[in-house]
Amino acid sequence: MAKRTLYDKIWDDHYVTTRDDGSDLMYVDRHLVHEVTSPQAFEGLRQNNLKPRRVSSILATPDHNVPTTSRDINLDGIKDPISKLQVITLDENCNEFGITQFKLDDSRQGIVHVIGPEQGLTLPGMTIVCGDSHTSTHGAFGSLAMGIGTSEVEHVLATQCLVTKKQKNMLININGVIEDGVTAKDITMFIIGKIGTAGGTGHVIEYGGEVIRALSMEGRMTLCNMAIEAGARAGMVAPDEKTFAYVKDRPLAPKGELFDDAVEYWKSLPSDEGAKFDEIFNFKSEDILPQVTWGTSPEMVGSIEDTIPHSSDKNIISALNYMGLKPGTMIKDIELDQIFIGSCTNSRIEDLRVASEILKNNKISKRIKRAIVVPGSGLVKKQAEAEGLDEIFIEAGFEWRDAGCSMCLGMNPDQLNELERCASTSNRNFEGRQGYKGRTHLVSPAMAALASLEGRFSDIRDL
Amino acid sequence: MAKISNKFSGKIVCLDKANVDTDQIIPKQFLKSIKKTGLGPFLFDSWRYEDEGYLGKDSSKRTLKDDFVLNNKAFSEANVLVAKENFGCGSSREHAVWALKDFGITTIIAASFGDIFFNNCFKNGILAIQISKKNLDIIFSNQSEIKPIEILVDLVNQKIFDEKLFEENFEIESYRKKCLIEGLDEIGYSLKYEKEISKYEQKLRKERSWVIND
């Protein structure tokens, strides 16, 4: 039999048929739904007298457009009537079609890409879609997970299939051991710096090598989360014993014999030795240092030891102008106004543990106008509180918020003010992303925590 | 979906930037809308206006930025947007395509596109064409405020050309072409394969029953 990659295997097992126009229908196992990219899809179903084909495949939650304060008063805590209508619309659509929803007042509510894995909804070998580009996160389990547009959301609801064509295989290998203080976030940002934001376009990326195998499941989620920032709709890591142990006993994971059957199948998924990849990159672990972005695209990134580059590239000049930075400035000399720890990239319990360890018995710098930490789900928040992490954050000067996407995309009231500069654990440093004229520097939770104490970037390895 | 003509001409406007992300095409605050329509006035909101926009704001009264190409009167009739590498990267928000469409853009030509955005274009009847760097450079260097370039698109023969400047054959997946030309209802089309989907589901229940959680 032909040697196949992890992606080839999942593709083969989800291929339904080829339409007579030449496109393929790929079966979708799980569909995550949130309030921002679904209303027009549900409206489309209604207009065409259609219903979701397999309701049990869907889990919905409001996350993008919800406040991270005043949650005790539920919907009344949403001050903006337009935002409120969007959250209510999700409620109504879920009620009408019988879709399970973790509502705003449910302790299981949170960022879709945090709650999927947390609940055991995300399993290896599955196809998972969501109207959100960071769906690539779930690839950490060895699933094929990708972001889709609203028309596709409607199509998946109605048919349980995605119209698609097979993409190319890319392998990114990193062997060796990474230095203490260097995290999955630094690895994924380093890769984007190397291959560029279009480097993975048209491909599914498989991450492999000793460094990747050594990452925790949460680290692998951070890694795959930013595959889309490298242009790839999906990133994945082959499932292993770590994956199976993480999944076992989660509320929605299979139990007993079903679980054993599943594990047996999952073990067959890793890429065959000698399987063909269309493109292969090998990076050295020792080249990966703590990363900080300095521009308005995730590929405009360097290490903490770097200076802002001199360049005649129009895009870089325009980015530096927006960021208020000059070529030659040391990254360590960049002073900050705000700190954001959260987002589907870095809001899980391990992220909060790492950050709180650095903040323990310390206070944030007087320079910092605001520092907020937004747990990825209500359950992450509970766990952190059980471990006393909330007290460490609050004592250090952070605001301890409720779960949601928050300042990663600034749809809710959590935003930067004009020209404010933020060290953020999120995934995009686009213009205006965190607030009109706001300036974003992407970093790991450890680097963000340290920056909050110093008021500027410093090297986590010196700690 | 509305059909698009097999052959049509369009007036070009060039946006000289690489990696234009969907956050720029339509900023976050407009994603609160539960409709597909009415986003045209907020297309490229932060680049187009001196102030920050919001849903419901009357854009006709806002101050335009002089240096943004879409605000140049010479291109007021433009319906073909030409951009550089990786246009539409980032967020999956289909609102970006809805805004372009509502603004009047029917075709986007670029060196390359973000994957999700590219897909979203065709779902809404917008033709996205990837062309060679050589011809892209020709278009950019001949952009004129006096006489905007008029381009001809022959979708059936997959050809794009200007009478004097260049001619190029472009690639388009057969299914995307068929959808555009016939104005197909994509969901109705897929539902013709209901039997195949049901057969797949039966097999799935047998072989990987742990996937089906109902």
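Helices are taken here as DSSP runs of H or I with at least four residues, numbered from the N terminus. On this basis, B:K178 belongs to helix α6 of chain B. The model under description is a predicted one.

Under the helix and strand assignment used, chain B contains eight helices and seven strands. The C-alpha trace of chain B extends over about 65 × 40 × 25 Å along its principal axes. Of the 214 residues in chain B, 58% are buried. The accessible surface of chain B amounts to about 9,500 Å², and carbon and sulfur atoms account for 47% of that surface. When contacts in chain B between residues at least 6 apart in sequence are considered, 62% of them link residues at least 24 apart.

The interface between the two chains was examined next. The size of an interface is often given as the accessible area lost when the parts come together. For chain B and chain A, the buried area is about 5,800 Å², with 54% of it on carbon and sulfur atoms. In chain B, the residues losing the most area to chain A are B:K28, B:K32 and B:W210, which together make up 14% of what that side buries. In terms of contacts, 62 residues of chain B meet 79 residues of chain A.

The side of chain B that touches chain A receives at least two residues from each of several helices, namely α1 (22–25), α2 (45–48), α3 (95–103), α4 (115–123), α6 (174–182), α7 (186–191) and α8 (194–207) of chain B. The most is given by α8(B), which supplies seven residues to this side. By residue class, the side of chain B that touches chain A consists of 21 nonpolar, 17 polar and 24 charged residues. Six salt bridges are found between chain B and chain A. A salt bridge joins the side chains of B:E201 and A:R53, with an N to O distance of 2.9 Å.

Two positions in chain B were considered individually. B:K178, in helix α6 of chain B, has a relative accessible area of 26% and is therefore partly exposed. Leaving aside residues up to four places away in sequence, B:K178 is in contact with A:D20 and A:D21, as well as with B:G183, B:L184 and B:Y189. B:K178 and B:K133 are 45 residues apart along the chain, and 27 Å separates their C-alpha atoms.

B:P41 is located in the loop between α1 and α2 of chain B. The relative accessible area of B:P41 is 34%, so this residue is partly exposed. With residues up to four places away in sequence excluded, B:P41 touches B:R48, B:Y49, B:S59 and B:D102.

The buried residues of α5(A) include A:T150, A:E152, A:H155 and A:T159. After α5(A) comes A:Q160, which has a positive phi near 65°.

Notes:
Residues numbered from 1 in each chain as written. Chains lettered and ligands numbered in written order. Predicted model: local features only at pLDDT ≥ 70, side-chain atom pairs only at ≥ 80, totals over all residues. Heavy atoms only, no water. Contact = heavy atoms within 4.5 Å. Buried area = accessible area lost by both parts, 1.4 Å probe. Salt bridge = Lys/Arg side-chain N within 4 Å of Asp/Glu carboxyl O. Nonpolar A, V, L, I, M, F, W, Y, C, P; charged D, E, K, R; others polar. Buried < 20%, exposed > 50% of the residue type's maximum accessible area, 1.4 Å probe, protein only. Areas by Shrake-Rupley, 256 points an atom, 1.4 Å probe, with all protein chains shown as cover.
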